[in-house]
Amino acid sequence: PYSEKSPYLPFGENKNASWYGKDILSVKQFDRSDLEYIFGVAHEMAEMVRRIGTFDLLKGKILANLFYEPSTRTSASFTAAMERLGGSVIPINEVRYSSVAKGESLPDTVRTLEAYADVIVLRHPEVGAAALAAKYARKPIINAGDGVGEHPTQALLDLFTIQEELGRVDHITVTMLGDLKYGRTVHSLARLLSLYNVKLNYVSPEILRMPPEIIAEIQATGTPQFEYTSLEPVLAETDVLYVTRVQKERFEDPQQYESVKDAYVITPEIMQAAKKTMILMHPLPRVGEIALEVDQDPRAAYFRQVEYGLYVRMALLAMVLGKA
Ligand code: CP
């Protein structure tokens, strides 16, 4: 806990709150009651933003945004979340211009930033980087994506999107499509969904299948999982179609990327064959895997998904800083 990690206890927090001072590193930390709690706080945040826009729950608090990889949504939404809550942000969105470029290690960088900030949001290209940072930091670390590992805050906002859009998470069929090997968002989301009564379909090219260790992990929960190379056999039964970008930056062989980059494109014709109640999700950015014409379809939920992310990240910041 924070109180054991830091010699300097800030004023005004509820130090008995269960998420106070905790790191958020993996979705494996959460059970269903945690998710209900987070979504309840996210609802309150949405209502407060709608009513008054910005308020002072985290006034005086500072977030360090430390991004070793590009980001639009995660970085900007954590910034917006902190500012909506009355706090401020140290933005290190391009580590090339920080002392990382001089060879400073991750442990030294986070131990420096926590001297200035109350919480650190970290994106890094290596699996396990957030856990390593948390080992050294006394302040909470929030994993904003560690290589092909996890993206827990994205999975939380994805689940919140499903809950808000469909009104339930149980008794649904979720089809994940695209790059399931390198897509860290689907790794985290599949794990979270396995806490519910769902059926999971994985549609990908052979070389981009869901990693076997994640399939084994989910199998142990009893969640039914099925693998395909084509969307056609599962489209009609799908309640949530979760599309991912083929992650060009993770390929060692550019030719291999070229061979799969256009494997799937969601078009209005495909949407016509889907359930009227289906929602189409994407963590974004997209680079062609959903045709622009599909944006007009009310089932296209990806820009609403972006907004849900703001409220979930406001909730997480308030929780780890002892204000929720
Ligand atoms: N979904 C997501 O993580 O987007 P960014 O890479 O823009 O943060």
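How far apart do the end C-alpha atoms of residues 171-319 lie, and how much of the span is helix and how much strand? I looked this up first. The ends lie 29 Å apart, and the span is 35% helix and 15% strand. Helices here are DSSP runs of H or I of at least four residues, strands are E runs of at least two, and both are numbered from the N terminus.

I noted the ground rules. This is a predicted model, where local features need pLDDT of at least 70 and side-chain atom pairs count only at pLDDT 80 or more, while totals for chains, interfaces and linings use all residues. Residues are numbered from 1 along each chain as its sequence is written, and side-chain values use heavy atoms, with hydrogens and water left out.

**Whole chain**

I counted 12 helices and 9 strands in the chain. The radius of gyration is 20 Å, close to the 20 Å that the globule rule gives for 324 residues, so the chain is as compact as a globular protein of that length. That radius is taken over C-alpha atoms, and the rule is 2.2 Å times the number of residues to the power 0.38. Along its principal axes the C-alpha trace spans about 60 × 45 × 40 Å.

I checked burial next. Of the 324 residues, 56% count as buried. Buried means under 20% relative accessible area, exposed means over 50%, and partly exposed is in between (1.4 Å probe, protein chains only). For contacts I used heavy atoms within 4.5 Å. Among contacts between residues at least 6 apart in sequence, 73% join residues at least 24 apart.

**Annotated spans**

The unreviewed entry places "domain: Aspartate/ornithine carbamoyltransferase carbamoyl-P binding" at residues 22-164. The end C-alpha atoms of residues 22-164 lie 26 Å apart, and the span is 43% helix and 16% strand. The unreviewed entry also places "domain: Aspartate/ornithine carbamoyltransferase Asp/Orn-binding" at residues 171-319. I kept in mind that such annotations may be inferred rather than shown by experiment.

I picked Tyr242, in strand 8 (residues 240-243). At 0% relative accessibility, Tyr242 counts as buried. Leaving aside neighbours within four places in sequence, Tyr242 has contacts that include Gln154, Asp158, Thr185, Met281 and Gln305. Its C-alpha atom is separated by 11 Å from that of Leu180, 62 residues apart along the chain.

Then I turned to Met314, in helix 12 (residues 302-320). Met314 is buried too, with a relative accessible area of 0%. Beyond neighbours within four places in sequence, Met314 touches Met45, Val49, Phe55, Ala81, Arg84 and Leu85. The C-alpha atoms of Met314 and Phe78 are separated by 7.5 Å, although the two are 236 residues apart along the chain.

Which residues does a cis peptide bond join? I found Leu284 and Pro285, with omega about 5°. Pro285 lies in the loop between strand 9 (279-281) and helix 12. Leu284 lies in the loop between strand 9 and helix 12. Phi of Leu284 is near 65°, a positive value in a residue other than glycine. Leu284 is buried, with a relative accessible area of 11%.

Is His171 buried or exposed? His171 is exposed, at 58% relative accessible area. I placed His171 in the loop between helix 6 (152-166) and strand 5 (172-177). Its phi is near 60°, again positive in a residue other than glycine. I flagged these spots because most residues other than glycine have a negative phi, and most peptide bonds are trans.
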